[in-house]
Amino acid sequence: MLALFLRDIRLSIHAGGGALTGVIFFLAVIATIPFGVGPDLRLLARIGPAILWIAALLACLLGLDRLFQADREDGSLDLLVLGNNRHMLALTVLTKCLAHWAGSVLPLVIAAPLLGLFMNMEPIGIGATALTLLVGTPAITFIGAAGAAVAVALPRGGLLISVLVLPLTIPVLIFGVSASYGAVADPDPFLQPFLILAALTLFLAVLGPVAAALALRHGTD
Amino acid sequence: MRLIAENLGGERGGETVFSGIEFALGEGQALVVTGPNGAGKSTLLRIIAGLLPVAAGRVRFEGGGEDFPSAASACHYLGHLNAMKTALSVTENLCFWRDFSGAGSAGVEEALETLGLGGIGHLPFGYLSTGQRRRAAIAKLLVSHRPLWLLDEPTAGLDKASEERFGELMGKHLESGGIVVAATHLPLGIEGARELVMGMVG
């Protein structure tokens with residue numbers, strides 16, 4: 001399992017691996033917003049957490065289609081499925097998700113505080129948003145894995161995955177954003193939505209890989 | 001250890017490709033599957049491996065013990081695709097498959113030497129020629145141990161010398177009690193191999 005994790009991390013760093021694609025997309029979206037919204041600093045600060053979350057969500061979806069497709073194209077996926085007796089397929093999928101998250105999504109979380117400055121956010125708001133992204137984005141990857149597994153056989157599955165996965169990620173977005181606001185706007189609570197966000201991630205860490213494993217198991221041809 | 005197919009049928013996209021396939025292979029026995037394109041050779045191998053559902057009849061794998069309870073867990077499946085990452089070096093690829101599948105009889109360097117690829121382990125897999133890629137994929141069979149080898153056109157792209165070397169490798173595998181099922185158009189040079197000719201149905 002560690003070998004698979006390291007291999008996927010190594011692949012995501014290599015050229016064409018997609019570790020940077022997400023970050024650049026994230027950067028492009030956040031850098032464009034102030035131009036579109038105009039120079040109202042208070043408005044920017046107010047919508048900052050929501051914009052960061054939406055941009056991060058879309059950037060997460062961007063690289064998901066390669067999660068299993070790359071392995072399918074070179075035949076590795078067959079062997080990963082055949083390894084089911086040794087390593088349960090759901091665990092293999094979980095490992096791939098974690099590697100994908102560490103390779104392609106973690107850079108987004110690291111870039112988020114810097115991009116928060118673009119949105120004129122307070123330090124505590126930046127910290128809260130980065131923290132909620134750190135806790136919430138794995139959930140998006142886990143849901144995305146199920147979508148990616150369903151669409152693995154389709155040559156242009158990227159858009160389909162986004163459409164399939166986006167509605168399911170809405171709860172993650174809602175609780176992520178409301179926790180981020182809870183840290184800055186006084187009467188709103190931070191802890192409750194944050195704990196629900198953490199619970200969502202844990203719940204989907206089980207459900208996503210199991211669903212993806214089922215889809216892969218029946219999707220081989 | 002025995003691999004048994006009983007009245008096996010396979011289908012692709014809802015159409016029956018073959019039916020009524022029967023064979024039983026014991027330790028040290030090889031089956032060479034031949035037939036025209038589209039006769040269902042690859043489908044048969046994928047069904048044995050458990051990658052495709054059985055349409056009729058059944059496949060059994062007996063006597064594998066705890067380590068190899070099913071054909072899927074006991075097999076090395078060498079398909080058309082090499083299952084290697086072009087961005088990683090040959091050694092990195094092989095080390096990954098060794099770690100993932102469990103250690104085998106030969107080390108990575110040793111396996112590469114055996115296939116005449118010594119000294120190119122550090123190159124990215126994408127830089128290799130077709131034949132070298134195939135040989136590197138065959139080296140994968142050596143770095144982790146599986147009693148059952150399912151080979152789909154294993155010698156495609158190999159030169160004469162490599163073909164012979166591969167024939168010897170299969171011979172060695174059979175001597176040590178392995179089972180080989182190979183789908184091919186070309187003679188593989190396995191002595192005493194049984195042949196299964198698949199024809200077009202209907």
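Visitor: What share of the 202 residues of chain B counts as buried?
Guide: Keep in mind that this is a predicted model. A residue is called buried here if 20 or more other C-beta atoms lie within 10 Å of its own. Among the 202 residues of chain B, the share that counts as buried is 42%.

Visitor: Which radius of gyration does chain B have, and how does that fit a compact globule?
Guide: The C-alpha atoms of chain B fill a box of roughly 50 × 35 × 30 Å along the principal axes. For 202 residues, a compact globule would have a radius of gyration near 17 Å, and chain B agrees with that, at 17 Å.

Visitor: How many helices and strands are there in chain B, and in what pattern along the sequence?
Guide: Chain B has 6 helices and 8 strands. Reading along the sequence gives the pattern β-β-β-α-β-α-β-α-α-α-β-α-β-β.

Visitor: Which strands stand at the edges of the open sheet of chain B?
Guide: This sheet has 3 strands in the order S2-S1-S4, with antiparallel pairing. Neighbouring strands are turned by 20° against each other on average, direction ignored. Each edge strand has a single partner strand, so one side of it is left without a neighbour in the sheet; these are S2 (15-25) and S4 (56-62) of chain B.

Visitor: Which residue in S2(B) stands opposite B:Ala5?
Guide: Strand S1 (residues 2-12) of chain B runs antiparallel to S2(B), and 7 bridges join the two. The residue of S2(B) opposite B:Ala5 is B:Phe23.

Visitor: Which helix of chain B lies across S1, S2 and S4?
Guide: The helix spans residues 41-49 and runs at about 125° to S1(B). Of its 9 residues, 8 are buried, so it is largely enclosed by the rest of the structure. Those buried residues include B:Leu44, B:Leu45, B:Ile48 and B:Ala49, along with B:Lys41 and B:Arg46. After the helix comes B:Gly50, with a positive phi near 90°. The helix that lies across these strands is H1(B).

Visitor: Which helices do the buried residues of H4(A) pack against?
Guide: Helix H4 (residues 66-73) of chain A has the buried residues A:Arg66, A:Leu67, A:Phe68 and A:Asp71. This helix is followed by A:Gly75, whose phi is positive, near 85°. The buried residues of H4(A) pack against H5 (76-82), H6 (89-118), H7 and H9 (191-219) of chain A.

Visitor: How many nonpolar, polar and charged residues are on the side of chain A that touches chain B?
Guide: Between the chains, 20 residues of chain A are in contact with 22 residues of chain B. On the chain A side, the elements that give two or more residues are H1 (2-13) and H5. By class, that side has 7 nonpolar, 7 polar and 6 charged residues.

Methods. Residues numbered from 1 in each chain as written. Chains lettered and ligands numbered in written order. Predicted model: local features only at pLDDT ≥ 70, side-chain atom pairs only at ≥ 80, totals over all residues. Buried ≥ 20, exposed ≤ 12 C-beta atoms within 10 Å, placed from the backbone. Helix = DSSP H or I, 4+ residues; strand = E, 2+ residues; numbered from the N terminus. Contact = placed C-beta atoms within 7 Å. Pairing = 2+ DSSP bridges. Axes fitted to C-alpha atoms, helices over the stretch in contact; angles between N-to-C directions. Rg over C-alpha atoms; globule rule 2.2 N^0.38 Å. Nonpolar A, V, L, I, M, F, W, Y, C, P; charged D, E, K, R; others polar.
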